[in-house]
Amino acid sequence: MRSIVFLIATCLLFSCQRGEVSTYTAYLNHNDTVKYVGKEQCRVCHTEIYDSYMQTGMGQSFHSATKEHSALASSEMPIIHDSIKNLSYQPFWKNDSLYLLEFRLKGKDTIHQLIKKVDYKIGSGQHTNSHLFEINGYVHQMPYTYYTQDKIADLPPGFEKGNNTRFSREIGIECMSCHNAYPQHESGSTNKYSSIPSGIDCERCHGPGEVHVKQKLAGNIIDTSKYIDYSIVNPKKLPLDLQFDVCQRCHLQGTAVLAEGKSFTDFKPGQHL
């Protein structure tokens, strides 16, 4: 019994020693074997930072289409009309669920009507809310975007000038990987997901957190006021060019082009884009 107590005391004593980790030449969470743990795990130790971040545009970038998370809840629910395809769109609420009605009029008669339930809103609401629906894991965009600053609705970008694909635009991993935390994307498909998180999370700017969590639970505490904790990336401690690369992963203008053999989920903060 005494030996066990001594062992525990010894572990606690040495685990609380704060010092520089000088043997690392790269961040440990750049290793391909390190897993993402999810933002809820981050909140366990960083509650105030987490709660504050979740009020930002990035934290609210993607969510279920409920009144709590939709900018349409406080809008006049404007109807839009596609004059080229002669289709109109009207959102409406049924309890806490959002729906989109597509219809076509001929004179005063409704000659076409289709109703789709909105599963997700994409966009923080600071500028826009666009809308997605899911069937058996396959995610598509809907032909309705609400522009919150102007309080108007219109077809989404790319749906204008006769290009309204209605409910068939696939939401692939390129789109999802910038507007949200990394989902569980099913390989071999364009737009099928086995699970989808809610909002851009901590690990998109700090990298996967598995090794960081394991080190902290093991008592490996680094005094970050003096030293760099190489178990996870702090963008503030990166050289300026690598700080920009973290942002430019998603905030580049134009179409991203992948290097050979790379995917949209390969980049980790602290690496060269």
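A: Let's start with Asp229, which counts as buried at 11% relative accessibility. Buried here means under 20% relative accessible area, while exposed means over 50% and partly exposed is in between, using a 1.4 Å probe and protein chains only. Before going on, a word on the source: this is a predicted model, where local features need pLDDT of at least 70, side-chain atom pairs count only at pLDDT 80 or more, and totals for chains, interfaces and linings use all residues. Residues are numbered from 1 along each chain as its sequence is written, and side-chain values use heavy atoms, with hydrogens and water left out.

So who is the partner of Asp229? Lys216 forms a salt bridge with Asp229, and their closest N and O atoms are 2.9 Å apart. Lys216 sits in helix α6 (residues 210–217) and Asp229 in the loop between α6 and α7, so this pair ties together parts 13 residues apart in sequence. Helices (H or I, at least four residues) and strands (E, at least two) are DSSP runs, numbered from the N terminus. A salt bridge, by the way, is a side-chain nitrogen of Lys or Arg within 4 Å of a carboxyl oxygen of Asp or Glu.

A search of the whole structure finds seven salt bridges, so let's set two others beside this one. Asp32 and Lys268 meet through their side chains at 3.7 Å, N to O, in a salt bridge. That pair links distant parts of the chain, 236 residues apart: Asp32 is in the loop between α1 (2–15) and α2 (39–43), and Lys268 is in the segment after α7 (240–251). Asp32 is exposed at 71% relative accessible area, whereas Lys268 counts as buried at 8%.

Then there's Glu102 with Arg166, whose side chains form a salt bridge at 2.6 Å, N to O. Here, too, distant parts of the chain are linked, with Glu102 in strand β4 (residues 97–106) and Arg166 in the loop between β9 (152–154) and β10 (169–170), 64 residues apart. Glu102 is buried, with a relative accessible area of 0%, but Arg166 is partly exposed at 31%.

Gln113 touches Leu101, Glu102 and Phe103, leaving aside residues up to four places away in sequence; contact means heavy atoms within 4.5 Å. Gln113 is in strand β5 (residues 109–118) and is exposed, with a relative accessible area of 54%. Gln113 and Gln90 are 23 residues apart in sequence and 11 Å apart in space, C-alpha to C-alpha.
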